[in-house]
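This briefing is meant for a reader meeting the structure for the first time. Please look over the sequence and the model before turning to the points that follow.

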Amino acid sequence: MRYMFLVYSVESPDIDPATLQSVGEKHREVMNEAAQRGVFESAEPLKPTTTATTVRSNNGQQQLLDGPFAETKEQLAGYYILNCKDLDDAIEWAKKIPTGCKGGEGCIEIRPLHEGLTH
Amino acid sequence: MEARLAAETVFREESGKIIASLIRISGSFDRAEDATQEAFAAALTTWPKSGIPSNPAAWMMTAAHRKLIDQVRRDRTVRDKEDAVRYEIEAFAPSSEPNLEDEPMHLPDDRLRLIFTCCHPALNREGQVALTLRTLGGLTTPEIAKAFLLPEPTLAQRLVRAKRKIQEAHIPYEVPPPESLPERLVSVQAVIYLIFNEGYVAASGEMLIRTDLCAEAIRLARVLRELMPKEPENLGLLALMLLHDSRRAARTREGKLVTLEEQDRSLWDQNEIAEGIAILDDAWKLRQIGPYQLQAAISALHSTAKKSAETDWPQIVAIYGKLFELNPSPVVALNQAVAIAMSSGFAEGLRRIDLLGESGELTNYYLFHAARADILRRLQRPAEAAESYRSALELATNEIERAFLRDRLKGMENLTSRRNHGADGDNF
């Protein structure tokens, strides 16, 4: 069985480089261990929510919002990772992704990944 | 002194163009802004000594370009020494290694890319407005903060956040492709109109600064028209703002709001009116109506009426009808109801307004209550009018508008008590 692990934490824009580095090392340890034991699929850090864009469908109309705007009744239901040219390209893809069974209610939150950090 | 003034004028007129071009070359808003500021500073020190150059705009562009090259070279040296800052560099757009020497200097205008990026719908409205004024308008952060009555750090924060999002989320520095152009243009027009309205809402004591915002919005709309002259709504927006702006001097008297009906029409700026109407005519020729053109057309009908009683209200009612087809909002319907009151009688107007009130959508909109109060006042039903003025006062926030409502309320209360006294008199 494959499982997804969602990492939640308090965003701290003024985090000092030393702490950042030590957290990064701990992640690498876990990833290395997972790789050695043959269970590793993928792991990526996200850029902070200040870089997020939400595409929400409202009665067939699609609306863009600056920031993460999932409502509390909406739960994470899946994910895509796509290699897009830029944010406009990503928004076009987000518009294609179905977000709900009940009249298409829901939204897609687009968050850029940190390029070249883990590879 | 003359050289200083020349430098300031050139900076004001050219900085948008220069920044726009340097962002394309360097891929960075901050670098472009810094280089442009440095070029301005250089002009301030050089021009008084060596005289104003024969082509000051080109001088400024060349200087900014050189400053950018210096900056990038400096950064490269630092980067070579410190490989550790790799993390930061990775976050930059791929174009962070610009081919500076190859860049031709006077390319077609980059301001179009800039305006679409600043008004990108993935940025929040506050960020769009701040960034547009900062980069295209060439306003300083303190100037923008002052105009919006905000603390400087708040505004600086908005700018930093917007720029960071552009960079980190890779918002492209491009004119949108044809399929998304209409939608994106709406966003640009909305930002410009918001800047104008921010300046147009009468606010006591802040008149001068706010007038600057109107002038800036008009200037930006002129740039937009220059860059995309075949977009009828660009013309409609510019016409609308010119026509509104033409009445600025008449809108307040001794710090008090004066209604359109009561304005001294000799104070209206006839040049702005003529220009607005001419631009609107050009827009019609493109044969694609839109909300800004229709609103400008309504404004033009007011502008051309010699006196208030000569206003072509039936025509205004018809245009609001068209506007409602494009934008079926209760606010448009309310404006139409007011025009109906003026053309078909106050009783019919009141009936329309009360019909609109039934949905409850306008309950928290102060102009709904103010409009209703005004019609009741005209119908000589002061007690009911007073009640609606009170509802309006509970919701209105702008001090000049509140003072106006209080005056009207007092008038209605005086009438009511006089009538009651009159009735008492009859009983005795």
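Glu29(A) counts as exposed, because 10 C-beta neighbours lie inside 10 Å and a residue with 12 or fewer is classed that way. The model in which this residue is found is a predicted one, and the predictor gives the complex an ipTM of 0.84 and a pTM of 0.85.

**Where the two chains touch**

- The contact draws 13 residues from chain B and 12 residues from chain A.
- On the side of chain B that touches chain A, helix H8 (residues 152–168) of chain B gives the most, with 4 residues.
- Sorted by class, that side of chain B has 6 nonpolar, 2 polar and 5 charged residues.

**Chain B as a whole**

- Chain B has 428 residues, of which 39% count as buried, and its secondary structure comes to 20 helices and 2 strands.
- If one takes the contacts in chain B between residues at least 6 apart in sequence, 63% of them join residues at least 24 apart.
- The mean pLDDT of chain B is 88, and 89% of its residues reach 70 or more; over residues 84–107 of chain B, however, the pLDDT is below 50, and this stretch has 25 contacts in the model beyond near neighbours in sequence.
- Where pLDDT is low, the predicted coordinates should not be read in detail.

**Two pairs of packed helices in chain B**

- Two packed helices are described by the angle between their axes and the distance between the axes.
- Helix H6 (residues 125–135) of chain B packs with H8(B) at an angle of about 95°, and the axes of the two are 9 Å apart; because angles of 65 to 115 degrees count as roughly perpendicular, H6(B) is roughly perpendicular to H8(B).
- From H6(B), the residues that make this contact are Glu126(B), Gly127(B), Ala130(B), Leu131(B) and Arg134(B), while H8(B) brings Leu155(B), Arg158(B), Leu159(B), Arg161(B) and Ala162(B).
- The residues in the contact of H6(B) with H8(B) divide into 5 nonpolar, 1 polar and 4 charged.
- Helix H9 (residues 181–200) and helix H11 (residues 232–245) of chain B pack at an angle of about 5°, with their axes 11 Å apart; since angles under 35 degrees count as roughly parallel, H9(B) and H11(B) are roughly parallel to each other.
- In this second pair, Gln189(B), Ile192(B), Tyr193(B), Phe196(B) and Tyr200(B) of H9(B) meet Glu233(B), Leu237(B), Met241(B) and His244(B) of H11(B), and the residues of the contact divide into 6 nonpolar, 2 polar and 1 charged.

**Helix H16 of chain B**

- Helix H16 of chain B, residues 330–344, has 15 residues and reaches 20 Å from its first C-alpha to its last, which is close to the 21 Å expected at 1.5 Å a residue.
- Among the buried residues of H16(B) are Val332(B), Leu334(B), Asn335(B), Gln336(B), Val338(B) and Ile340(B).
- The buried residues of H16(B) pack against helix H15 (313–326), helix H17 (346–357) and helix H18 (366–378) of chain B.
- After H16(B) comes Gly345(B), whose phi is positive, near 110°.

**Positive phi outside glycine in chain B**

- Glu254(B) is a residue other than glycine with a positive phi, near 50°; its place is in the loop between strand S1 (252–253) and strand S2 (256–257) of chain B, and Glu254(B) is exposed because 5 other C-beta atoms lie within 10 Å.
- Arg287(B), also a residue other than glycine, has a positive phi near 55°; Arg287(B) lies in the loop between helix H13 (270–285) and helix H14 (291–304) of chain B, and with 7 C-beta neighbours inside 10 Å it counts as exposed.

Definitions and conventions: Residues numbered from 1 in each chain as written. Chains lettered and ligands numbered in written order. Predicted model: local features only at pLDDT ≥ 70, side-chain atom pairs only at ≥ 80, totals over all residues. Contact = placed C-beta atoms within 7 Å. Nonpolar A, V, L, I, M, F, W, Y, C, P; charged D, E, K, R; others polar. Expected span 1.5 Å × (residues − 1). Buried ≥ 20, exposed ≤ 12 C-beta atoms within 10 Å, placed from the backbone. pLDDT = per-residue confidence, 0-100. Axes fitted to C-alpha atoms, helices over the stretch in contact; angles between N-to-C directions. Parallel < 35°, antiparallel > 145°, perpendicular 65-115°, else oblique.
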